[in-house]
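Open the structure in your viewer and keep the selection tool at hand. The stops below follow one after another.

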Amino acid sequence: MIQAFIPGIPQPQGSKAAFKRGQKIVMVESNRKLPAWRKLVTEKLEAANASCQPLEGAVALDVMFFLPRPKSVTRAFPSVKPDLDKLCRSIGDSATDAGVVNDDSQIVEIVAYKCYASDELPAGALVTLSEFIGVSLDK
């Protein structure tokens with residue numbers, strides 16, 4: 001099992017912008033803050049997995065995102081952007097970059113939550129990757 005807390009404001013991955021450069025179309029992440037977030041996640045996961053081999057086989061990802069609450073917001077949960085699946089995508093790709101898994105396609109289960117950060121729970125993400133021990137549907 002590998003667990004790490006990544007401080008900061010979680011960033012979504014997935015929305016792309018297309019540009020034409022000469023005769024080619026180039027797709028670029030539209031989120032300018034994503035590279036710094038991915039780098040931080042990768043560094044924290046590498047440190048948590050220091051001197052260990054990548055997880056083999058099926059992997060479970062558990063992640064809790066703590067998002068800053070805007071001052072004017074009174075709702076209990078961040079039921080607005082960023083999308084939870086896009087937040088998870090940045091974690092899966094960073095886990096591959098960190099060498100925690102050989103490929104994020106190994107992730108067969110994701111349990112994820114978005115909640116607001118507080119004084120006790122600062123903005124960031126608590127990430128846990130572990131061997132999947134669930135029951136296969138084909139048995």
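Start by selecting Arg 38, which lies in helix H1, residues 34-48. Helices here are DSSP runs of H or I with at least four residues, strands are runs of E with at least two, and both are numbered from the N terminus. This is a predicted model, in which local features need pLDDT of at least 70, side-chain atom pairs count only at pLDDT 80 or more, and totals for chains, interfaces and linings use all residues. Residues are numbered from 1 along each chain as its sequence is written, and side-chain values use heavy atoms, with hydrogens and water left out.

Is Arg 38 buried or exposed? Arg 38 is buried, at a relative accessible area of 18%; buried means under 20%, exposed over 50% and partly exposed in between, with a 1.4 Å probe and protein chains only.

Next, show the residues that Arg 38 touches: Gln 13, Ser 90, Asp 93, Ser 94 and Asp 97, leaving aside residues up to four places away in sequence. Contact means heavy atoms within 4.5 Å.

Now move to the sheet. Four strands form an open sheet in the order S1-S6-S4-S5, with mixed pairing; two strands pair if DSSP finds at least two bridges between them. Strand S1 (2-7) and strand S5 (107-116) stand at the edges with a single partner strand each, so one side of each has no neighbour in the sheet.

Select strand S4 (residues 59-67) and strand S6 (residues 124-131), which pair in the antiparallel sense over eight bridges. Within this pair, find Leu 61, which stands opposite Leu 129 in S6.
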